[in-house]
Amino acid sequence: MTYKELQARDLKHIWHPCSQMKDYESFPPIVIDHGKGVWLYDNQGNRYLDAVSSWWVNLFGHANPRISKALAEQAQKLEHVIFANFTHEPAIHVAEKLVALTPKGLEKVFFADNGSAAIEVALKMSFQYRAQTNQPKKKRFLAFTNAYHGETLGALSVGGVGLYNEVFAPLLLNVVHTQGPDCFRCPFGESPTTCSAPCTQYVEEQLKQYADTISAAIIEPLIQAAAGMKMYPPVFLKKLRALCDEYDVHLIADEVAVGFGRTGTFFACEQADITPDFLCLSKGITGGYLPLSAVLTTNEIFNAFYDDYGTMKAFLHSHSYSGNPLALRVAQEVLAIFEEEQVLTKLVAKQELLKKLAKRAFEHLPYVGEYRQTGFVGAIELVANKETKSSFPSEERIGYQIYQRALEKGLLIRPLGNIIYFMPPYVISEDEIEWMIGTTRVVIEQFFKDRGI
């Protein structure tokens, strides 16, 4: 079977995610045969450095021997079991470790099978808690501009990126929206390194007006990822937690993308020294191997559901693959790798190298408005005008064109509009970081040179 024949067979039946399929007429899918470490290899022998961790999930490299071994052994032992009235050791172990690792006060763990599902669980739990604690008016949610929380209808409702949710507006929940943090284009002219998050006044304005109907506020801690890796300081989270306490509103922390070391600490909420009422986790929890998510919450919330069956207070949300043993055994191994191989400690030097090389490579370029970085997430914001920070028109698809050129050189940097970002696996070497930055710079400079800039 030739490479082109495989591409043709794919396009005959497969509808790819987050894609305009007409693009595939001129840019057909790359057929990947195998992966090793940070590299993906296609059926023609070409390789691509996975600088985006295959949609932010891969932490310890493709075909990681240790994780693969754990998965293979579990597959020979128990592949799945109904998780109602049954349990298994990997689930127990992972729940215990998550409670030990997450901010103090999160004592109960509900397993689901992807990030969007985790958001749905948290929204439903918050809503049902209010209904069962004599607060029936609290049935709305507070969400932020530029937020992204997933693709299911509840998750889309609390999102703020029009590209994803505008077409579905008639189907979505009645949500209160508030201005999110925007440090690159700060309306107060502040610097994120010194500010006291005056932009939380927008949150307070909405809470003053609507708190009696709001059950929970939901936010992506430190980085609004799909919005273009918009980064903001921990003080915003700390003040948001205080406002939620003042107005009796739950705080849902969506760490689906930023948990498990991405921001430089195991969980982003640690940097603000806060405990959310719900913590949603997924993506890196299995190191990119299998779908899994978890929602952690407090005993106070759990106790509002704990009663005799006849009261109908149980949380009846269920997915067939909730608590899947394969996924949880892999998650168990991922957590063991973090602990035994001192991953976060070793990551510090790589984070600093990425920042140093990227700032040197990009900040002086006339079409780069900013290079920003939090932990092991770096982002280049491309702008039409550096002084005004005006963006390139979205229809020009600047980022997409750069992405295509980078693939020709063996680098996978799938963009977010005009944002080129780096979120590589933690196992990337210093030499590979240097190559990733150097190749990105060459591609970007050549692209704009060809445009006459």
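Student: Into how many nonpolar, polar and charged residues does the lining of the second largest cavity divide?

Tutor: This is a predicted model, where local features need pLDDT of at least 70, side-chain atom pairs count only at pLDDT 80 or more, and totals for chains, interfaces and linings use all residues. Residues are numbered from 1 along each chain as its sequence is written, and side-chain values use heavy atoms, without hydrogens and water. Ala147, Tyr148 and His149 are among the lining residues (an atom within 4 Å of a cavity point). With Gly counted as polar, the lining divides into six nonpolar, five polar and no charged.

Student: Which elements give two or more residues to that lining?

Tutor: The lining includes Ala155, Leu156, Tyr164 and Asn165. With helices taken as DSSP runs (H or I, at least four residues), the elements are helix 6 (153-157) and helix 7 (162-165).

Student: How much space lies in the largest cavity?

Tutor: A cavity is a set of points on a 1 Å grid where a 1.4 Å probe fits but cannot get out, and three of 30 Å³ or more are counted. Of the 14 residues lining the largest, Cys183, Cys186, Cys195, Ala197 and Cys199 are the closest to its centre. That lining has 11 nonpolar, one polar and two charged residues. The space in this cavity is about 110 Å³.

Student: How many residues are in the second, separate core?

Tutor: A nonpolar core joins buried residues (under 20% relative accessible area, 1.4 Å probe) through side-chain atoms within 4.5 Å. The largest has 114 residues, and Phe260 is one of those touching the most other members. The second core includes Ala155, Ile252, Phe278 and Ile301, and its count is 23 residues.

Definitions and conventions:
On a 1 Å grid over the protein atoms alone, a cavity is a set of points where a 1.4 Å probe fits but cannot get out, and a pocket is an open set with protein on both sides within 12 Å along at least five of seven lines; lining residues have an atom within 4 Å of a point. Grid points are joined across faces, edges and corners, and a volume is the space filled by probe spheres set on the points. Buried means under 20% relative accessible area, exposed over 50%, partly exposed in between (1.4 Å probe, protein chains only).
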